[in-house]
Each structure stands twice: as structure tokens, then as C-alpha cells.
Amino acid sequence: MASAVSARKNVSGPTIPPAVLKAMLAIFLFIIVPVALSWIGGGYLFQVATTTLIFIILASSLNLVTGTAGLLSLGHAGFYGIGAYAAALLSTRLGLSFLATLPLAGVAAGAVGVLVALPTMRLVSIYFAVATLGIGEMIYVILLNWTGFTHGPMGIRGIPPIDLLGWQPGTPLFDYLVVAAVTALSLWAMSRLMHSYYGNALRAVREDDQCADAMGLNVVRLKIEAFGVSCFFAGIAGALFCHTAGFISPDQFRFAESINILAMVVVGGLGSLPGAVIGAALLIILPEALRSFGDFRMIAIGSIMFLSILLQPKGLLGEASALDLLRRQFGQGWSGNFATRVGWR
Amino acid sequence: MIDIYFVQQIINGLSIGLVYALIAIGFTLIFGVLNVVNFAHGEVYTIGAFAGLMLITWIAPPVLAIVLMVLAAGAFVGIGLERLAFRPFRRFRDEASLKSRAMREATLLSSLAVSITAREVMNLAFGSQMQTIPHAYLLQRPIVFGQLSITVGDLVIFVASALMLASLQFMLFRTRIGLSIRAVSNSPLGARYVGIDTDRAIVATFAIGSMLGAAAGILVGLYDGMITPQMGFAPGIKAFVAMVMGGLSSIPGAVICALILGVSESVATEFLASGWKDLVSYSFLIVTLVFFPQGLFGVGRERA
């Protein structure tokens, strides 16, 4: 066994130690990007960067349920919307601070996700996709028409910006740094989840649920848990969005947004966490860069998605290579000493 | 008096339901032969309406000619759609990839991508604002039966849908191409073994399904008088719901469920503010999926 591991290491050449690699990523996210953006100048660029980070959370959370667990969800924006509205209502009505609304928004979205998942999770393949589509639209209709509670199509204005223990600078740089920190934490949590035995169980369910059932996995429970966790992170992203944008309305959480998030995951590669990150960054930054040529945002998203399915069906960074990358370079799961690195058992 | 109003709502609901039914048949036919959902079907409906508008503004033919030309346009769009979004993913023909989930999901996502692109291109070409159909073409003249008053549009939708449903039945059960469509939807591999040109059957299915969808689009355009590039989304989802309720592969089931949806939406506006009426069909969807996972009229299918 040991020789096999060392042989694989030799093939891959000299590897950078995982700790150094993680530190480099952190330096990039927290120092290089903000410095470069301040250099070029512009609160607008910080807004784009913050939006990109929020969509990175959304794409990777959808990737957990659609890529890893294999449940095609077409209503992810609905749960994003629940998180955003929960955080907005908690902070405008009850005056709670960001540190309280962030987890509560996640819990609200996760709880609705589990409630929705309980009856629908026994559905297979396309039936489940249809059910999530219906639920996403139901959430939209409720947000739109329950005017007493959500202000309906007018949306909610004047949501307070992010504050930490009463300190509220409200600058784009501060917003960016907080969102970056939450994104880094969420990505870390999701990657640990996907690269544990638990993640393997989810992949087994995706490949063949009857077989996984026969192997003693509780298929329905695994699916419900994965869906709940995914909705939790979508809710977190919603809270970040409502506090950084300051204004939300139901239109921002409709089917088109679900498709947008799905396109990110598909372009990046279903089941691959770095792929979801790359896909989200690509599909947010590219249309922004093309904005001067007219409003081609959705056309760009549609055509990128179509071309990537046609030419690169596994995505930019397919699941197998992504798993390999994360395991070998980032020390997730099986690299090095087998017995000590494996969690959850 | 209230009873008359109620009957009126039911008649309105029936004509909405028939429109959903025409769209749902396209979904069902295509799902039957390919085992994938064609997400671009709502856009075919929109294209039908816009093709009708362009014909009216350019040539101004009589209504019957418009419907026939829109049918042709629909067939053309369907064939193009199949070429673009579905044919490239049918390269592999062995049994494993016919049943493979990954292949099916790729096709589903590609139709989704094509539908977004088509909708946005129409948005750019026609503007996202409402377009109005010239008044002379509108089918809104009322016909009065005693206390009951229905519009010409309702009547046209009833007659046109009945004609199209009847010719669909004739085509499916009395012609060679209908036989091959039914064979392919029964078993794609088996149809190939007995020498049926499956590609031709699939193209024919797309042409027929899209003809019905485009016809629904122009009928609604003439009935309501206004069309937008986004108009295909909501009826598309309703038709999709009808198909799922009907059991995914049953055409009579889809038609009956579409009528149920149309009538219940129309009646629901009696009790609810009109914004909530969309909730009715989504609730129907969830309830059906939870309690009748095979649909109301579906037969037990092989687990996919």
C-alpha cells in the first residue's frame, strides 16, 4: 500500500505542501485581490468581486446536491431567496445584527429545504427535478404575493450593511473581506464534506441508489441531509447578498437565477468543487466584461452552457481530476497516511 | 346569476386548459421517443406567436392562412431544434448509453441552454416590452347564448384544438410514420432492430410536437392580443406539470390533466387574488408527485 502511494506521488512530480498551498490561496483572496482592485480603483469592481464570491457559494452548494449526490435541482434560487428574505426581515423588523442574521438565514433555508425534501426525496431522476422546479416557483409566488410580510414586488429596501459587533464601516472593501471570509469557510466545510466517507456515500447514491441501498446506506436520509446542507449554504449566500446589495425583490430569485447557478456548475464540471468555483467566476466576470457590448448577459450564459455541454461534457475541471487535485494537493481525504487522515467512521 | 358566472369561468378555464394541452402533447411526444424533457418547448410556443405577428404585419393574410403558416414555421423550428440541441447527443447508440443518466442529463441541459439563448435573442430582436396584435385580427368579439357570453376566441380555440387532437390521433394510429413514432417510444432499440429509421421518427416527432406548440402560441396571441418574449415560460411550466400529472408518456392523461389545471386555475380566481393562481398548479404538481409518483394516468415504468 505504501509503495503504491509513493509511486503515485512520484508520477505527479514534486508537490507543494498542502498548508503552503492553502496559505497561498488565502493570500490571493484576502490580500492580492483587494489590493489589486483598490489599485485599479472602483467600488464597482468590489461589487463584482463580492457578487462573484456569493455565486461561488451558490454554485458549490448546488454542486453538492446536483453534482455529488446526483439530484438535479431546478429551484436552487428559491432557497437563496428564502435566505435573503429571512436575513432582510430579521434585520429590518427585529434589528438583529449580521452575526445573528447570517446563521439564522442559513438555518431558515436549510429547514425549508429539509421540509421540502422529506416528501419529495423518494422521487427519482426527472420527477425530482420537476418537483424542485415547482417548489422554486412556489417560493417565488409566495414572496411576490404575500405583500404584508415581504412587501411583494416592491421588495425590501434599506437593509443595513454588514456589521461586526456594532462596527459598521459600510465600505466596499470591508464588505468584500467579510464575504471572502464566509466564502472561504463555506468552501472549506463543503470540501471536507465531499472528501470524506460521507461524500463517497453520496457519490455511491448518485451512481446507483438501489446498489447503495443494498450496501446498507440509508439512501433517503443521505439525500435529505445533502439537500438540507446545500440549502443551508444557499441561505448563507442569500444573507450575504441582501446585506451587501441593500435591496432585494422577488425577481432576483426566480427560475432564471436557478438556471444561472446550474449553468455555473455544469460549465465547471458536475461533482467538482474547484470546477464550481471556476464556473461561477467565469459566468459572473465574463458577462460583466462584455457589458460594454450591450446586455448579452443571458445570451452569453446560454451559449457558454450549450457549448460546454457539447464540447466539454465533463466540464472545465471534471470530477475525477478535481478529486485528484483536492486529495493530492490539498491533503483532503486519502493522501499520505491512510489511517490517520480518514474522518467520519 | 352566480351560476352563469361560474359556467363562464369554467369555459374560460377550458380554453386555457386546451392551450396547455396543445403544449403538453409536444412535451409528451418528445419525452416518449427520447426519454428526455425538452425544455425549449416553451420557446417554440413564443416563436409561434411572434411568427404570427410578423406575418400579420408583413403580409396580413386571413386568420386561417396565418394558422397554417405558423404550423409550418413550428415544424421548421422543431426540426432545427432537434438538429441543434438533441442530435449531437445521440452519437452513441448502444443500450448502455441509451439508458445512461449522464447522456440524458446532457440532453436536458442542452435544451435548457438553447431555450435561454432563444428567449434572450428574441428579447433583443423584439424588445422585452409587450407587442400588440393589430385589433382587426383579435378574436374577442362576444357571442351571446342567452345569459352566457363567450368570445369568438374561445370557440376558435375549441375547434382548432379538437381538429388538431383528432388529426394527431389519426396520424399516430393510422399512418406509417405514426406507427414508427409509437414503436420508437415503446423501445428505441427494438425499433432499430426491426429496421425503423429512428432518426426520421424522432425528427417527425419534433416537427409534430412543435407544430402543436406554435399553434397554441398564435391562438393565445390572437385571443389575448399581446405577446412578449417571456410569454412561453409560464404556460410551458403548466404544460410540463400537466405532462407529469398525466404520467409522462400518456397523451390522453396529459390532455385531461391540462384541462383540470386550466379549469382549476380559472375557478381559483373566484376565491383568491389573481397573483396566487399560479400556486394552484404548482400545488397540484407537488401533491401528485407525492401521492401518485407515476402520475394519475401513468403505467408503471421501468425505474430510471
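A residue is treated here as buried if 20 or more other C-beta atoms lie within 10 Å of its own, as exposed if 12 or fewer do, and as partly exposed in between, with C-beta atoms placed from the backbone. The structure is a predicted model, in which local features need pLDDT of at least 70 and side-chain atom pairs count only at pLDDT 80 or more, while totals for chains, interfaces and linings use all residues. Residues are numbered from 1 along each chain as its sequence is written, and chains are lettered from A in the order in which they are written.

Chain B contains twelve helices and four strands, where helices (H or I, at least four residues) and strands (E, at least two) are DSSP runs numbered from the N terminus. The C-alpha trace of chain B extends over about 60 × 50 × 40 Å along its principal axes. For its 304 residues, a compact globule would have a radius of gyration near 19 Å, and the value of 19 Å found for chain B agrees; the radius is taken over C-alpha atoms, and the globule rule is 2.2 Å times the number of residues to the power 0.38. Of the 304 residues in chain B, 47% are buried. Two residues are in contact if their C-beta atoms, placed from the backbone, lie within 7 Å, and of the contacts in chain B between residues at least 6 apart in sequence, 77% join residues at least 24 apart.

Helix H2 (residues 41-58) of chain B has 18 residues and should span 26 Å at 1.5 Å a residue, in agreement with the 26 Å between its end C-alpha atoms; the expected span is 1.5 Å times one less than the number of residues. H2(B) is mostly covered, with 13 of its 18 residues buried, and just after this helix B:Ala60 adopts a positive phi of about 55 degrees.

Between the chains, 29 residues of chain A are in contact with 31 residues of chain B. On the chain A side, helix H5 (98-120), helix H6 (125-145), helix H12 (255-268) and helix H14 (297-311) each supply at least two residues, and H6(A) gives the most, with twelve residues. By class, this side of chain A has 22 nonpolar, six polar and one charged residues, where Ala, Val, Leu, Ile, Met, Phe, Trp, Tyr, Cys and Pro count as nonpolar, Asp, Glu, Lys and Arg as charged, and the others, Gly among them, as polar. When residues up to four places away in sequence are not counted, B:Thr117 touches A:Ile299, A:Gly302, A:Ser303 and A:Phe306. Within its own chain, the C-alpha atom of B:Thr117 is separated by 13 Å from that of B:Gly42, 75 residues apart along the chain.

Chain A is divided into domain 1 (75-158 + 179-253) and domain 2 (255-334), with bounds that come from an automatic or database domain assignment. The C-alpha centres of the two domains lie 20 Å apart, and their contact takes twelve residues from domain 1 and nine residues from domain 2. Helix H4 (76-93), H6 and helix H8 (172-194) of chain A each supply at least two residues of the domain 1 side, the largest share of which, three residues, comes from H8(A). This side has four nonpolar, seven polar and one charged residues.

Helix H5 of chain A, with 23 residues, should span 33 Å at 1.5 Å a residue, and its end C-alpha atoms are 33 Å apart, which agrees. Buried residues of H5(A) include A:Thr101, A:Leu102, A:Ala105, A:Gly106 and A:Ala109. In helix H13 (residues 273-289) of chain A, A:Val277 has 24 C-beta neighbours inside 10 Å and therefore counts as buried. A:Val277 touches A:Ile56 and A:Ser60, residues up to four places away in sequence not being counted.

Not counting residues up to four places away in sequence, B:Ala242 touches B:Tyr20, B:Ala21, B:Ala24, B:Ala254, B:Cys257, B:Ala258 and B:Leu261.
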